[in-house]
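Hi everyone, thanks for making the time this morning.

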Amino acid sequence: MAEPLVPDIIEGQGDIFLVCDHASNAVPADIDLGIAPGLLTRHIAIDIGAADLTRALAERLGAPAVLATVSRLVIDLHRQADHPGLMPRISDGHAIPGNIGADRSDRIARFHAPYHRMLAREIARHRPRLIASIHSFTPALETGDAPRPWEIGILYNRDRRAAALALDLLRRAGVVTGDNEPYSGRLLNATLNRHGEGNGIASLAIEVRNDLIDHPDGVARWADRLAAILTDIDAGLAANARRRLWEA
């Protein structure tokens, strides 16, 4: 079996931990997806701008981060291991023939399991108060859905501690913000369900529309804005925790 791709770790300190599941469009040399190379530059292969935004946020916050190093067309790390879309056969209308009949167990062992083991280890080492998962979304799907009007979406499942603060802060700042949009974290929240809610750690997924962060100026602008928002969320979580202790 070929060697796994090692996730990219950014060292840092503090109470905020960053994750980027769809940071890469890399396809190992021994895997043939059977697609035109140009498709690897599209959103079906990588969350456009998300890796640069994660790195910029880590720098501004001094925060640790873990970034994936394999394309979600090879295996989607933001899916449970038994999810039917773990190795997509079709993505946004594009066939991925190399995934038909591919060895699911091998890809889980090479990419999915090591990634999530590393995430678990880094989160246990840093013991953050807040986990923020950084993603991006397309202004519209290629399959012809309606345009998506949001600049940013905040996704969450059952734990709304961080999301409620984020939604309030972003909307008060005049940002067009989706509440569990462009898709619901109650339906797809695999990484945070496992590493955030599963450990009782406040968490949220941040989805930025990719045309806003597909260039350096946009990345810098949103990194400045989101670094301030995440700092305020972390402070709010700390204050709420102190208040609960006081009232207990």
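Let's start with Arg60 and Asp224, whose side chains meet in a salt bridge, with N to O at 2.6 Å. By salt bridge I mean a side-chain nitrogen of Lys or Arg within 4 Å of a carboxyl oxygen of Asp or Glu. When I say helix or strand, I mean DSSP runs numbered from the N terminus, with H or I over at least four residues for helices and E over at least two for strands.

Before I go on, a word on the source: this is a predicted model, where local features need pLDDT of at least 70, side-chain atom pairs count only at pLDDT 80 or more, and totals for chains, interfaces and linings use all residues. Residues are numbered from 1 along each chain as its sequence is written, and side-chain values use heavy atoms, leaving out hydrogens and water.

The cut-offs here are under 20% for buried, over 50% for exposed, and partly exposed in between, with a 1.4 Å probe and protein chains only.

Now look along helix 1 itself. It has twelve residues and reaches 16 Å from its first C-alpha to its last, close to the 16 Å expected at 1.5 Å a residue; that expectation is 1.5 Å times one less than the number of residues. Several of its residues are buried, among them Leu53, Ala56 and Leu57. Ala56 has a relative accessible area of 10%. Which residues does Ala56 touch, once neighbours within four places in sequence are left aside? The answer is Val219 and Ala223, where contact means heavy atoms within 4.5 Å. After helix 1 comes Gly62, with a positive phi near 65°.

How many salt bridges does the structure hold? There are 14. One of them joins the side chains of Arg110 and Asp30, at 2.9 Å from N to O. Arg110 is in helix 2, residues 104-126, and Asp30 is in the loop between strand 2 (16-20) and helix 1 (50-61), so this pair ties together parts that are 80 residues apart in sequence. Arg110 is buried, with a relative accessible area of 3%. Arg110 also forms a salt bridge with Asp106, and there the closest N and O atoms are 3.8 Å apart. Both Asp106 and Arg110 lie in helix 2, four residues apart, about one turn of the helix. As a reminder, an α-helix has 3.6 residues a turn, so residues three or four places apart point the same way. Elsewhere, Glu11, Glu122 and Arg125 are linked in a salt-bridge network.

Stay with helix 2 for a moment. It has 23 residues and spans 31 Å from first C-alpha to last, close to the 33 Å expected. There is a kink of about 30° at Arg110, shortly before Pro114; the bend is the angle between axes fitted to the seven residues ending at a position and the seven starting there. The buried residues of helix 2 include Phe111, Tyr115, Met118 and Leu119. What do they pack against? The buried set meets strand 1 (8-10), strand 2, strand 3 (65-67), strand 6 (130-137) and helix 4 (190-195).

A few backbone spots deserve a look on screen. Most residues other than glycine have a negative phi, and most peptide bonds are trans. Arg127, in the loop between helix 2 and strand 6, has a positive phi of about 50°, and at 69% relative accessibility it counts as exposed. Asp92 has a positive phi near 50°, in the loop between strand 4 (90-91) and strand 5 (94-95). And a cis peptide bond joins Glu181 and Pro182, with omega about 10°.

Finally, let's zoom out. The protein chain has five helices and nine strands. Buried residues make up 52% of its 248 residues. Of the contacts with a separation of 6 or more, 78% are between residues 24 or more positions apart. That's my tour, and I'm happy to take questions.
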